[in-house]
Every structure is written in structure tokens, then in C-alpha cells.
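Dear colleague,

I am handing over the structure we spoke about, so that you can look at it beside these notes. Please open it first, and then read on for what was found in it.

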Amino acid sequence: MSLPYAILTALLEKPSSGLELTRRFDRSIGYFWSATHQQIYRELGKLEQAGYIRALPAHVPARGQKKEYEVLPAGRAELAAWVDVPEDPKPMRSALILRIRAAAVVGGHGLREELERHLALHQRQLAEYLDIEVRDFPPARRTGEPDRLRHLVLRGGIDLERFWVHWLTDALSELGGDRIGGTPQPTDVGHEA
């Protein structure tokens, strides 16, 4: 599971409390590796028990004060070892594509609307990524390797959203105004196998 490595990465970028981490996941890391608040807090406990992170001492002792965590040398070494391990691509899993396949068998009366909804979601996500690129990664800022690597992650998201926008646009065009799958279409009458 990659969540502990996502947390170690985020903490190496900036020591944070659990709450700050969940906010950062919502704003950046969550775009490509999502986690619930409960998962993040549970993983922080495991990382601390493993000796990979520690809670920073509080400036003023107070009850209920949020803990801020930093990565220890063992955590940095664990993350570096993980970065160097080869990993094969995972097969794609898409409920939408599975639903399209199922609609070919049983029909899909609301599938066109669902494709349109997904297209709008991917268009919005693409616009958000492009805004982040303009704001956070102008060419003059991509001088060091860390910024180039972060920009590559963002470019992966941009390219993936462009794929979905293109694919969904083509799918909707291919389907035209027809009902989808399962039941013979007017153009299919007399041509059933």
C-alpha cells in the first residue's frame, strides 16, 4: 500500500499535523492518491510506532493541542528504498467502462447523461490542473529537479484528464442520439443476429 509513502513524502516536504496533512491531501496529493482523514490518522500512528516519524515537541504544553509530525532518518531511508523498487503498472479499473459494457447487454437508459456528467467533471478537473500549472509551475520556476518532478506529476494528471475528455467526447459522438445497448434500435430492426 502506498499511503504510508504518500504521508512520508508530504511530511518531508513540510512537517505537519494530522489535520494539516488531510488538508494537503485534499489540495494536492489527493488528486492522485486519495485517503480519508481516518486513514491518514491511523497511518500516522503506524508510522510513529515503526519509528519512521515522531511528534515534534509542543512549544507550549496544552491539552488537546494538535501534534505536528516530522520524518526521522529511518523514515527517509524507508521512503528512498520504496522509490527505488520497480513496480509494474496496475490494470485499469473503471466502473464507468464496466457500466458501458453492461449497458451493451441490458440497456442503459441513463447512460448518455452519465457520460455527459463525467465529461463535465473531467473538463472541470482539467481546467483546475491547468490553472495550477500556470500558478505554481511557470517555466522559470521549473529549474530544479524537485520542481520538474512535481510538474511531471501534474502533467500526468493533465494528460489523463485530456484522455478522458477526448474519449468521452468521442463516445458521446459515436452514440449519437441512439438509446444505448440491450434493446434493438430502429436501425437494427430486421438485422438481428
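A salt bridge, as the word is used here, is a side-chain nitrogen of Lys or Arg that lies within 4 Å of a carboxyl oxygen of Asp or Glu. Asp147 and Arg141 meet this definition, because their closest N and O atoms are 3.4 Å apart and the limit is 4 Å. Please keep in mind throughout that this is a predicted model.

Let me begin with the overall layout. The chain has 193 residues, of which 30% are buried, and it holds seven helices and three strands. Read from the N terminus on, these elements follow the order α-β-α-α-β-β-α-α-α-α. When contacts between residues at least 6 apart in sequence are considered, 58% of them join residues that are at least 24 apart. The accessible surface comes to about 13300 Å², and carbon and sulfur atoms account for 57% of that surface.

The interior comes next. In soluble globular proteins, nonpolar side chains tend to be buried together. Here the largest nonpolar core has 18 residues, and the members that touch the most other members are Ile7, Leu11, Phe25, Leu44 and Ile53. At least two residues of this core come from each of helix H1 (3-13), helix H2 (18-27), helix H3 (37-49) and strand E3 (68-71), and H1 gives the most, with seven residues.

Now to the aromatic rings. A pair of aromatic rings is described by the distance of the centres and the angle of the planes. A search of the whole structure finds three aromatic pairs. Tyr5 and Trp82 form a stacked pair, because their ring centres are 4.4 Å apart and their planes lie at 5°, and planes under 30 degrees apart count as stacked. This pair links distant parts of the chain, since Tyr5 sits in helix H1 and Trp82 in helix H4 (residues 73-83), 77 residues apart. Tyr5 is buried, with a relative accessible area of 14%, whereas Trp82 is partly exposed at 31%.

Phe163 and Trp164 are arranged in another way, as an edge-to-face pair with 5.1 Å from centre to centre and 70° between the planes. Phe163 is partly exposed, with a relative accessible area of 38%, while Trp164 is buried at 11%. Ring pairs also join Phe163, Trp164 and Trp167 into a cluster.

The charged side chains complete the picture, and a search of the whole structure finds twelve salt bridges. One of them joins Lys90 and Glu87, with 3.8 Å from N to O. Are these two partners buried or exposed? Lys90 counts as exposed because its relative accessibility is 62%, and Glu87 is exposed as well, with a relative accessible area of 52%.

A second example is the salt bridge between Arg99 and Glu114, whose closest N and O atoms are 3.2 Å apart. This pair links distant parts of the chain, with Arg99 in helix H5 (residues 95-106) and Glu114 in helix H6 (residues 111-136), 15 residues apart. Arg99 is partly exposed, with a relative accessible area of 46%, but Glu114 counts as buried at 14% relative accessibility.

That brings us back to the salt bridge between Asp147 and Arg141. Asp147 is buried, with a relative accessible area of 16%, and Arg141 counts as partly exposed at 37% relative accessibility. Through salt bridges that share partners, Glu13, Arg24, Arg141, Asp147 and Arg150 are joined into one network.

With best wishes

Notes:
Residues are numbered from 1 along each chain as its sequence is written. This is a predicted model: local features need pLDDT of at least 70, side-chain atom pairs count only at pLDDT 80 or more; totals for chains, interfaces and linings use all residues. Side-chain values use heavy atoms; hydrogens and water are left out. A nonpolar core is a set of buried Ala, Val, Leu, Ile, Met, Phe, Trp, Tyr and Cys residues joined through side-chain atoms within 4.5 Å. Buried means under 20% relative accessible area, exposed over 50%, partly exposed in between (1.4 Å probe, protein chains only). Helices (H or I, at least four residues) and strands (E, at least two) are DSSP runs, numbered from the N terminus. Rings of Phe, Tyr and Trp (its six-membered ring) pair if their centres lie within 6.5 Å; planes under 30 degrees apart count as stacked, over 60 as edge-to-face and the rest as tilted. Contact means heavy atoms within 4.5 Å. Accessible areas come from the Shrake-Rupley method with a 1.4 Å probe; for residues, only the protein chains shown count as cover.
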